[in-house]
Amino acid sequence: MISARLTVDRDFVLSDLDRRVFGAFVEHMGRCVYGGIFEPGHPTADARGFRGDVLELTKELGPTIIRYPGGNFLSGYNWEDGVGPVEQRPVRRDLAWFSTETNRFGTNEFMDWARAAGIEPMLGVNLGTRGPDEARRFLEYCNHAGGSALSDLRRSHGHEAPHDVKFWCLGNEMDGPWQIGAKTAAEYGRAALETAKVMRWVDPTIQLAACGSSHRNMATYGAWEYEVLDHCYDQVDFISLHTYFNNNADSAPEYFGVIELMDAFIKEVAAICDAVGAKRRSRKKIMLSFDEWNVWYKTHKIEHMRKPGWPEAPHLIEEVYNAEDALIVGGALIALMNNADRVKTACIAQLVNVIGPIMTETGGAAWRQTIFHPFALAARHGHGRVLQAKAESPGYAAQSWPEIPYLYATVVDNPADGTTTVFALNRSLSDPMDLDVVLRGLGADRRLVSATEIHHANLKAVNTKEAPNTVAPAANPDVSVDGERLRAKLKPASWNVIVTQASPRA
């Protein structure tokens, strides 16, 4: 038995938790759109072609914001191809994923789908093959009420009211040599500055995210963020971070270290942002948009990313997730919440089929992958403010990270309804954890609302169409609350959500 302790105080608050942290990503790649969220003729599809089963699972998953339409796809995309009468839209070759893009689904269809799902849209502008003029035109089409050529064009396309999209991404992974129209930091920084400038002239209410390095192991990492922000600091609100976790060593203890790397990545980028701000003597803080993150390694080879013959909606990187991957996703969610003072937006990539928490069969069933469950639980219970938590736990050393505590946790307190939620990961593979949680100042009349665990004895267990609930949340009976003290026994290799409640506080 491992003994661990977690202490919080209601007066020691890290930050309010921005609900945009529980976002997702929809790209025109593989079967994410076609055969994923959009499949006319499917037995559950509505008149617009939206799959009803996927829509219901999306609502259950609970993403708050969706990034669209890419991704690498964005850097070669002409937004004009995806609006207007469907029969008049051009069919294009998509150089990002060597696929045929029919453009049957575009901006207005996405906006309708996002509204049906109750999700805020996050749109990207193409800074690969295009630039500021395309961006301001796209923004005017989406957000201007009427009386201009582009806003009236939208109205003629059946959308009288403006879409009023508030969050915009300035390109995607522009330092990546795989990117269409890849740029140096100076080239991109200038493009981002000029694009942001004209977009704000069109709509001063928007928020803008500049591209960070494509990932932490890029040769450009660090220097890229600094130079880009040195150009556009005053015009943007966010810089983006992307990362994908892998278990190429096939070692769970090593795999758990990626969570520590994610936390370090966030703190490094925040420090770079603050260095640029200090140089400028600016009171402004650039926030972080972690708008691509997930587990991805089983389908990372080129044959999983490109199919010959320019097919329509091919099966691309359809990762099948196991119980081990669910624990990593749960840990990543804790890392995002523990950095709530700087991470204000995040998107699990992607939503359906393409490394997604939801999997579908074209023409058939849809089901929850293992990683669906920690995300849905975090999105459901992650309301309020993140408390500064002091964790005390034994741990171990690994090559991926030198000091890995067995306990990885965060505490979210919601004064609006008196709930305080503990999210806790036990990274020991063999030993249960005796967890003692001190909830100082959070109410002596506290009671247990629910205790849920994600655990499976076989870390390689997966959910399939035939057995969709192999890995699923279950109640943890070994939890008790006595005043401001919570005690729980956590199974080895388990991710846990414990909700307590006191009388609502003034």
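This is a predicted model: local features need pLDDT of at least 70, side-chain atom pairs count only at pLDDT 80 or more; totals for chains, interfaces and linings use all residues.
Trainee: Into which domains is the chain divided, and how far apart do the C-alpha centres of domain 1 and domain 2 lie?
Mentor: The domain assignment gives domain 1 as residues 2-11 together with 385-501, and domain 2 as residues 18-381. Taking the C-alpha centres of domain 1 and domain 2, the distance between them is 30 Å.

Trainee: Which three residues supply more than any other three of the area that domain 1 buries against domain 2?
Mentor: Between the two domains, 38 residues of domain 1 are in contact with 37 residues of domain 2. The area buried between them is about 3,200 Å², and carbon and sulfur atoms give 68% of that area. On the side of domain 1, 20% of the area buried against domain 2 is supplied by Y408, K465 and W495.

Trainee: How many salt bridges are found across the interface of domain 1 and domain 2, and how many residue pairs are in polar contact there?
Mentor: Side chains of opposite charge can pair when their charged atoms come close. Across the interface of domain 1 and domain 2, the count of salt bridges is 4, while the count of residue pairs in polar contact is 16.

Trainee: Which strands each supply at least two residues of the side of domain 1 that touches domain 2?
Mentor: The side of domain 1 that touches domain 2 draws at least two residues from each of several strands, among them strand 18 (404-405) and strand 19 (407-414). The others named are strand 20 (419-426), strand 22 (447-454) and strand 26 (494-501).

Trainee: Is S151 buried or exposed?
Mentor: S151 lies in helix 4, which runs over residues 149-156, and the side chain of S151 makes a polar contact of 2.8 Å with the side chain of S148. Leaving aside residues up to four places away in sequence, S151 touches E140, H144, A145 and G146. Because its relative accessible area is 0%, S151 counts as buried.

Trainee: By how many residues are K59 and E56 separated in helix 1?
Mentor: The side chains of K59 and E56 meet in a salt bridge, at 3.6 Å from N to O. K59 is partly exposed at a relative accessible area of 42%, and E56 is partly exposed at 48%. Both lie in helix 1 (residues 52-61), where about one helical turn separates them, the spacing being 3 residues.

Trainee: Are R51 and D53 buried or exposed?
Mentor: R51 forms a salt bridge with D53, and the closest N and O atoms are 2.7 Å apart. For comparison, K166 and D164 also meet in a salt bridge, at 3.0 Å from N to O, yet K166 is partly exposed at 26% relative accessibility and D164 is partly exposed at 42%. R51 and D53, by contrast, are both buried.

Trainee: Which residues are linked in a network of salt bridges?
Mentor: The structure holds 37 salt bridges. Some of them are joined in a network, and the residues it links are R5, E392, D436 and R485.

Conventions:
Residues are numbered from 1 along each chain as its sequence is written. Side-chain values use heavy atoms; hydrogens and water are left out. Domain bounds come from an automatic or database domain assignment. Contact means heavy atoms within 4.5 Å. Buried area is the accessible area (1.4 Å probe) that two parts lose on being put together, summed over both. A polar contact is a pair of N or O atoms within 3.5 Å; within protein, one must be able to donate a hydrogen and the other to accept it, and residues adjacent in sequence count only if both atoms are side-chain atoms. Helices (H or I, at least four residues) and strands (E, at least two) are DSSP runs, numbered from the N terminus. Buried means under 20% relative accessible area, exposed over 50%, partly exposed in between (1.4 Å probe, protein chains only).
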